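Morning, everyone. I have one model to walk through, so please bring it up on your screens.

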Amino acid sequence: MWDKQLELTVDKLLPCGAKILAAAGKAPSDEAPSPFICLRDLDGDGEAELAGAYRWVGETFFTVWKNGADGWYAVQTLSSRKAVICDLHTAPVTSSEKFDVIIGWQADGEAALIQTRHDWPFVLTTREAGEAGEAEPAALAVYEWTQRGLLNRAMPPLSYHKLEVADLESAAGEDGIAEIILWQQEEGGVYTADVYKWNGERLQQANDRFPSYFQQIAAQLREQAKERPEDASLWYQLASAEQKAGLPAQAVHSLATAVKLRPSSAGKWQSVIRLIRSELQTRAALYPAPVKTAEGTKWGYIDRNGRFIISPRFDYAEDFQNNGLAVVQANNHSGLINQLGIFVVGPIYQSIAPFSEGRAAVVDDRGFRVIDERGNMLTAMPYSYIGTYKEGRAVFTKVDAQGRSHYGYLDLSGTEIIPPVYMSANDFQDGRALVQVREGEFALIDRSGKALHSYQHPYVGPPGDGLLAFSETESGPKGYINESGEVVIPPQFSVALPFEAGRAIVNASRNFSENLYGLIDKTGAYVIKPEYNDINMLGAGRLAVGRAKDPSKPYIGSAYAITDTDGRFLTDFLYDQVAEYKEGVASATDGQRTFFIDRTGHVARNLPVVPGSGTLTLEGELVKAFVDQRISYYDRSGKLVWKQNTAIPLTGQYRVVEHKYAPNRDYLVYYPEIRGMANRQAQEAVNQRLRELSQIKPIDPNAQLDYNYFGDFAVAFFKNRLVELELTGYNYPFGAAHGMPTMTFVPIDLVSGRIYALKDLFKPGSDYVRVLSDIVGNQIKNNPEYSYVFPDSFKGISPDQPFYVKENALYLYFAPYEIAPYAAGFPTFRIPFSQIADIIGENGDFWRSFH
């Protein structure tokens, strides 16, 4: 309900005989029209201005008054003799700092004055645009207050029949800036809507950013279409709404219904038909793409032209699967989105496996479960493990009170179709699966769990081409038996992989003492002699045969040649890595370039060749390159479509620029450089320190290193003049069980160039080491989250303890193995600033840099 006193105030400011205009719609709590007056801060000075629309001597006026020492005084008046005001709203359209005035101007003859309230003789109402039949449209004006007064920002001119103003919710939520929705009346009374948003320079159509708005419209129209299924106008309108809601498949159905009911109108809807076709093609192929931002790396999805269709807002994003769903991460949890970027399953799981046969395994705090493509939970209880569905069955594991694992199978409903009675179990293939019944006994079972064959051996491997690897003693050599259990190839190998297409990879070393890999046929005869460092099946009748780069250190890796399954070498040992064949080509790299090879083993023509080492994959119309730890996309002719950004804007002045250092095929670092600091000497000192911390050091380009090193960085936090960079590294010694990660946070003052230490956060002389040590110690003792910490390993923090800051808290962390197992990563402890407020140096440079 409006403030009647406000109207009386406006009425006193009007010329004698002037009458306030009002909307034709009724107020929620009164039958009276809502008058066109407002009290809003239009100029952003923190004080509200009074504004109103009125008619006087046959002319329409809109006046803004400010409140001075002597009362209200007019600061600007707009007027027109040829048009009246049919809509008036105030909302933050061009800026969140102040309100703009949104006015609909309508030709005087079409927006006649139709009603006078007897109890409010000074209020007139105007007819709502389009209320009676196909009225003439109104012209939109969006007035922003400037130093020159109100300026209309709705240029070029926009017209409409109905108007809405609201802060719509996009996929990223509301942003405090209002959008303008313009409804147009088409032939036959059909209304279609378009959303406009301020882009910094003008109002721009932004339908694709607000699919949820059009989904609501489409839902309402569907209900109306159920009541009036023969109304062609409704079906045309529904098709338009569904197209804008990002539902092209539904739009095609609705449009077909409309054309069937009223074929004569189809020609006038050709633009919508083209949009629907384009949307179908676009949504058919979306590609995950990461962008480095001031809030860290964010992932979205691009189309085949490199245009973001789903904005970068996820912490991580995987490829869309055949069911139109993709796994994304937000707030350290995984969820599922559709091709609109809308969550079908919210980010509530620790992980979500790829779908298979319409089912996916998910992991939460309780364990593994199974969901369907709508996110419905199918399993009645959590399990310690659930595998991928194959032939309607998925392996699951239960752990008993003694910590022993028992394996069984779930069906597609999530029910235990085969109970957990096995010591191990494999996936089904051709209606059969290998299980271990007990020590020294294996069986081949059918989908009901019935044993087809039983094998009394200490080891039996999964079947392939009708043969199974086996060994006669616990750690003895391996050979092959057939499904009936008869020995076909006597035990003689340390490694015996399943047969594929009549061939199997074996290691002729009987005790793993050396790498003597070869390829055998089903008689046990060698097709490729057992003298290689490793061999990989590539599909398409091809193998990658690896020869040790350094025979004295085979763990360093191999150089690969391509052979066929008859052992014919098609190339020399040219490649560092080779992937499996797909569509007749395979990704390969020689350490300097990454490319595709054809079935002859040579570089494929007319496909991209990318500098650096990595992999290429065919993804629909595009080629995805993951080369030198960075993602880019190319079309199939090799034209670059999209690549990751190398500049991270912080403000208009400051940015962080990425540089690449790759002196050796086993040494790669991406390191940051700060730009925009006024003190160039301080900036150079900061950047030199960043290079040192990023491990930019001389490396012999021709040396064969005995380790691999990769370094990277991200903006971990940015506020005011503080930017905090996270530098990460991973050093993997060849042949080791795992590498050693490093993590360093660098808080930098962009004005002074100072790199802050932990002590700089606290008052001089404060015993911050003791205070923080006590807090961390209490967390380890009382919080079950830290039960992994080695007993008695924490002795307190050091004065220069590794740390980082966020908006409201300090974080202290430890290196792997320092106080916990390697698997725990970097044990981290959050300490809210409110908990240590008495020792924080609030007048110190560090604190003031981000407060």
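I will take a helix, then a sheet, then some salt bridges.

Ground rules come before that. This is a predicted model, where local features need pLDDT of at least 70, side-chain atom pairs count only at pLDDT 80 or more, and totals for chains, interfaces and linings use all residues. Residues are numbered from 1 along each chain as its sequence is written, and side-chain values use heavy atoms, with hydrogens and water left out.

Start with helix 2, residues 211-227. Helices here are DSSP runs of H or I with at least four residues, strands are E runs of at least two, and numbering goes from the N terminus. How far apart are the end C-alpha atoms of helix 2? They are 25 Å apart, which agrees with the 24 Å that its 17 residues should span at 1.5 Å a residue. That expected span is 1.5 Å times one less than the number of residues.

Now burial. Buried means under 20% relative accessible area, exposed means over 50%, and partly exposed is in between, with a 1.4 Å probe and protein chains only. The buried residues of helix 2 include Pro211, Tyr213, Phe214 and Leu221. Seen down the axis, the buried residues of helix 2 fall within an arc of 145°, so they line one face. The arc uses directions from the helix axis to the C-beta atoms. On the other side, Gln216, Gln220, Lys226 and Glu227 are exposed. What covers the buried residues includes strands 14, 15 and 16, plus helix 3. Contact there means heavy atoms within 4.5 Å.

Four strands form an open, antiparallel sheet in the order 28-29-30-31. Strands 28 and 31 stand at the edges with a single partner strand each, so one side of each has no neighbour in the sheet. Pairing needs at least two DSSP bridges between two strands. Strands 28 and 29 pair over two bridges. Tyr385 has Thr397 of strand 29 as its bridge partner.

Last, salt bridges: a side-chain nitrogen of Lys or Arg within 4 Å of a carboxyl oxygen of Asp or Glu. The count comes to 44. One joins Glu658 and Lys292, at 3.5 Å, N to O. Glu658 sits in strand 56 and Lys292 in strand 18, 366 residues apart. Both are buried. Another joins Arg432 and Glu483, with the closest N and O atoms 2.1 Å apart. Those two sit in loops, 51 residues apart. Arg432 is partly exposed at 24%, whereas Glu483 is buried at 16%.
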